[in-house]
Amino acid sequence: MVKPDEAPNPNLANSADDDERDDDEREDDHGAAAAAEAREYTDTDAAASVLEASGDGTRNTKDSASRTPGRKDEAEVSGNTMLNDVSSEIVELRAMTDRVRGGMPLTTKQTERAAVLIRLVAVSNPGALDDTDGLDLAPPPRPVLPLGMDKLPLKLRLRAVQGYITALQYNHTGEQYFSINKQRPLGRVMDTAKQIMRDGLPIKCVEAVFLGLHLTMGWKEIDRIPVSFKTQVGGKHVHRHIVLLVRCRQSGTFGALGISRRNELACADLEHPSITSVLTRFKEAYETWWHAILKVRLGLPVDHDPLSSTPICWRHCCITVAGKTWKEACKGFEEQSARSTKRLYEKWQMDGERYRPYAEKQSGLGSKQSHRPWQAAADALRVSGPGPSKSEGGTSSGD
């Protein structure tokens, strides 16, 4: 018989269950708060750690459901609601997608934010990424070159190569997928171009030049000349871009292969009668986007041997456009184009000396020698020849 003062207290009997429910509710709130915090994060690594710690807000609810059988249905409902409630993220991500497709690049913070949004949508609603009526962020189809391309006319072949480069799309992700080291031998650069074709990932202007060199390898009727631009916009922001000039040896016409955020700066058809014409076309394209050209660097024709161990001459002639008229700069372009021969390339391989227009040589002669004090001694030795050595009967002091 139980005495009245020893009767079980219902409040004490249910205290353990109440504590367990309180722990479950705290864990549920913690998971939801962690997922909300990850949505608002701008750092991708921090967002990933937050999501991993909370299990996307579903791990804790499942654990609590297993500990409390009566709350299983409630945990599943709350987890599904949280996973499917990404409508605001999809709207924000669609706005960023429209911005990029309209030609406006994302800032660094926007790129990081887009990476977090894509990760959240991929976990919560994967179908929204591939839905053509939604975000339409499915991977683009792998580009394919037309069959029998070698039998096509030169212009059609160049258009096919440019179409292949464009189909890979410009890399807006902020990640560098391939090596862009330009100081390697030509054969190593071609290995990178083959890797680009195997992976099919987005590229930038340097990788596009690598790919253009690979796809036009062996086309002896053309010369491939790299040309790079240094531009400025707003008086403070400096940008650099590179394309691959193509010169037909028979007709002397010029074109260009490449990729850019702006279609006007990506390529040019093989229809320009001179190098001045094709570079003027790029200058006008830059001006439409309020860019002023500071410098133009011209290389030498690239060899057609895919296994060559010699490097590529990327900058043989540097024309400073700032401070002079475009007509004056074009004289240097034409002079360099006329001198771009295989013999000049072999000379560059031996001495590594870059070309400077005659006017710049005269104006910068003194400053150049002051930067290279050994040049005067080398010139004197080249003119007089080496003196007699001790083995030939010479002495270190005068007679």
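Predicted model: local features only at pLDDT ≥ 70, side-chain atom pairs only at ≥ 80, totals over all residues.
**Welcome to the structure: helix α7 and the cores**

Of its 399 residues, 39% count as buried.

**Helix α7**
- Helix α7 covers residues 108-124, which makes 17 residues.
- From first C-alpha to last, α7 reaches 25 Å, close to the 24 Å expected at 1.5 Å a residue.
- An α-helix has 3.6 residues a turn, so residues three or four places apart point the same way.

**The largest nonpolar core**
- The largest nonpolar core holds 37 residues, and Ile203 and Leu211 have the most contacts inside it.
- Two or more residues of this core come from each of α9 (154-167), α10 (186-199), α11 (205-215) and β2 (237-248).
- Helix α11 gives the largest share of this core, with 8 residues.
- Which residues does Ile203 touch, leaving aside neighbours within four places in sequence? Its contacts are Ile165, Leu168, Gln169, Tyr170, Asn171, Phe178, Ile196, Ala208 and Ile259.

**A separate core**

**The protein as a whole**
- Among contacts in the protein with a separation of 6 or more, 62% join residues 24 or more positions apart.
- The accessible surface of the protein is about 23,400 Å², and 52% of that belongs to carbon and sulfur atoms.

Methods:
Residues numbered from 1 in each chain as written. Heavy atoms only, no water. Helix = DSSP H or I, 4+ residues; strand = E, 2+ residues; numbered from the N terminus. Expected span 1.5 Å × (residues − 1). Core = buried A, V, L, I, M, F, W, Y, C linked by side-chain atoms within 4.5 Å. Buried < 20%, exposed > 50% of the residue type's maximum accessible area, 1.4 Å probe, protein only. Contact = heavy atoms within 4.5 Å. Areas by Shrake-Rupley, 256 points an atom, 1.4 Å probe, with all protein chains shown as cover.
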